[in-house]
Structures are given as C-alpha cells and as structure tokens.
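Here are my notes for your first read of this model. Please keep the structure open and check each point against it.

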Amino acid sequence: MTAPTHESQGHRGIVTELITFLESRTRASWGEDVDLFATGGLSSMFAMELVVHLERTHGVSIRGGDLRLDNFRTVRTMADLVLRLRTDGATDG
Amino acid sequence: MTLVDVDEVALEGARARIDHQTRVAHLMGAVPEGVAPGRLSTATTVSPVAEATVVIEAITERFDLKAALLNEVGTRTKPGTVLVTNTSSIPVDDLAAYPPRPEELVGTHFMNPPYLIRTVEVVRGARTAPRTLNALQDLLDVLRRASVVVADTPGFVTSRLLHPMINDAVRVVQEGTASAEDVDSLMVGCLGHRTGPLRTADLIGLDNLVDSLRVLHERTGDERCRPCDLLLEKVAAGDLGRKSGRGFFTYERTEQLS
C-alpha cells in the first residue's frame, strides 16, 4: 500500500483503493457512482479527508479551482480527478 | 493580520491550520473568486495592537483573564480602535469596566468554524458607542459576514439557548436514555438541526463548553446550566472533543485541523 504502487494504477485501481478506504472509514459499502454527500451520506466536512487521502495515497496536489465539492462527489469523479492531475503534472513537467 | 498567542507552539501550528482551513473553505465554496489571501504575522506579546484598527480578543472564557487582557490591550491601542471580545457568555458591559475607553468595546460572537458560518452575533453593551458598532459593521462587511445585534445579557441569545440544551443532551446520554450517536441522529433527522448537539459540543470543545456553562450558571442561577457529571468527567480525562481527537465521538487528524 505504498504511494508508488498507487501512482502506477489506472482508473480501476484507484476506484478499488478508494472504495476500500471509504468502507474502512464509514463501515458502509459504496458504489463508484453513489453521491457520497447526498441525504443520508457523508458530511461535507468529510470531503477534506478525501482531499488529504488522495494527496497522500495517489501522489497528487489538489489546489485552487480543483478544490470543489463536485470533484469529490463520487468515487468515479475522484478517480477522474487523480488521472487528470497526473496527466497535467506530466504535461507541465 | 497579526495573530497573538502566549503559546509559541500554538503560533507555529497556526499557519498549517489556517492553510488547511482555507482549503476546506475553498472546497465548500466559501471563498470569493479573485481575492488574494491576506498576510499573517504572529507575536507572543500584545505590542502590535498599537498599530491595529480592530483587535479581536478570543481567549479562554474566564472573566478574570479577559478583564486583565482587555485592560492591557485597551491601554496600548490608539483612540478609535475597535476592541472586540469574542466572549460566548460574559456580559460585555462587565468587561467594559477594564479598558480605559469602554465605549470602544463591543461583543462579537463568531461561530465555529468561523470560515464557514457567515452569521455572527453582535452584542451591544450599555457603553458601546454607535461609532464602534458602525466600525465593526464595516469590518464584518469586508469579511462578508452577516450580523444580528442583540442586547447584553449572560449568554446573549445563542449560548443562552444552545449551551443548556447541549448540557441536557449530555444528561440524556448520562442517564442511559440514548447513545450520543442516537441523540444526534434524532436532533438532525427529526428536528432538522444541521449538526447534532453532541457533535456540536465536540466542535466547541468540551472544556470551552464547561467554562461557558459555569459562567451561565453563576450569572443566571439556572440549574440547567450547571455542567453535568459526564461532561466534567470527559474534560478531566482530556477528551476535549474534535481538537483532542475524542469527545463524544472520535476524529481523524484531518478533522482535528478543521
């Protein structure tokens, strides 16, 4: 479970890792398209935990305009964000 | 913006904490577009207040400490400087006996977390000057805060209503009627509260809540405000709520910073 392993993962690997993380933190099961913050779901304050988790586990830095709740609404949107930030980083660097 | 604290460790942690809170605010859409962050300096003495236009006191909720600090700060500020106390329970006019220009003192109760809660409770003391209220309003406009001005009594409106209610919620848990989780679920699910009373207690800080309840109990004589045993036990055990990682609930490191 080290960062380099996850950094080499594609969309599927990120989705699996995120669902495992969510299930360990919430003791509930989650699908990749479930709105995490809809009624009965997680508190919006939990979103910041997701930000910190993505940064630590998937080697990305989430700043500025990417800090929007919509980017963290489902497991799929979070995996999309990680892949996009990695691509942007590779292009920029 | 200058942050003053007697504790150097607290000041060292403040930058990381403020950076984290700024990111949470972005995430929640609470930051206006195109506004650059302000500059933060820190100090361990009150001498920078001589250059301030507004000074906000937000120390421990104890009358003797606040009175001494407001006296020291009030003698160092320029005339016309607005002196704000963030007291949650102590009447502003009682504190106004200590700074040399009592008309410059006003109460402003920012709610936790202040970067997300836009409405503040403003307390006009008997000696608060209209120009002090106007200058405070200008500051709140810059901070994009809405305000409601209320009269000066122990606990004002928000603490007078909320703190005894939280104390009762703790008693309900203490008496075994329901778990903390269930009390909060009922208050959120049935009564439409945004956060349950026990999660709110953890957010306030159980030690701060006890301090505030003591002030209310001493000044109103209302037995509902006497801090209940379970609350006192948690504080004695060091379970202070979100900031210590555990109160009625447990918190991750990320939540402790928020």
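1. Start where the chains meet. Nine residues of chain B and ten residues of chain A make the contact. Here, two residues are in contact if their C-beta atoms, placed from the backbone, lie within 7 Å. On the chain B side, helix H1 (8-27) and helix H10 (253-257) each supply at least two residues. H1(B) gives the largest share, four residues. By class, the chain B side has three nonpolar, three polar and three charged residues. Ala, Val, Leu, Ile, Met, Phe, Trp, Tyr, Cys and Pro count as nonpolar; Asp, Glu, Lys and Arg count as charged; the others, Gly among them, count as polar.

2. A word on the source. This is a predicted model, in which local features need pLDDT of at least 70 and side-chain atom pairs count only at pLDDT 80 or more, while totals for chains, interfaces and linings use all residues. Residues are numbered from 1 along each chain as its sequence is written, and chains are lettered from A and ligands numbered from 1 in the order in which they are written.

3. Now the domains. Chain B is divided into domain 1 (2-150) and domain 2 (158-257); such bounds come from an automatic or database domain assignment. Their C-alpha centres lie 24 Å apart. Eleven residues of domain 1 of chain B touch ten residues of domain 2 of chain B. The domain 1 side of this contact has one nonpolar, six polar and four charged residues.

4. Next, the sheet. Five strands of chain B form an open sheet in the order E3-E4-E5-E6-E7, with mixed pairing. Strands pair if DSSP finds at least two bridges between them. Strand E3 (54-57) and strand E7 (146-150) of chain B are the edges, each pairing on one side only. From one strand to the next, the twist averages 30°. Look inside the sheet: E5(B), residues 105-109, and E6(B), residues 119-123, run antiparallel and are joined by three bridges. One partner to find is Glu121(B) in E6(B), which bridges to His109(B).

5. Is helix H7 of chain B enclosed or open? Eight of the eight residues of H7(B), 197-204, are buried, so this helix is largely enclosed by the rest of the structure. Buried means that 20 or more other C-beta atoms lie within 10 Å of the residue's own; 12 or fewer means exposed, and in between is partly exposed. The buried residues of H7(B) pack against H5, helix H6 (180-189) and helix H8 (206-220) of chain B. Just after H7(B), Gly205(B) takes a positive phi of about 105°. Helices (H or I, at least four residues) and strands (E, at least two) are DSSP runs, numbered from the N terminus.

6. Follow H7(B) to H6(B). Their axes come within 7 Å and cross at roughly 110°. H6(B) and H7(B) are therefore roughly perpendicular; angles under 35 degrees count as roughly parallel, over 145 as roughly antiparallel, 65 to 115 as roughly perpendicular and the rest as oblique. Axes are lines fitted to C-alpha atoms, for helices over the stretch in contact, and angles run from 0 to 180 degrees between N-to-C directions. Ala180(B), Val183(B), Asp184(B) and Met187(B) of H6(B) meet Pro197(B), Leu198(B) and Arg199(B) of H7(B). Five of these contact residues are nonpolar, none polar and two charged.

7. Finish with H5(B), residues 158-174, and H9(B), residues 229-236. They pack at about 90°, with axes 8 Å apart.
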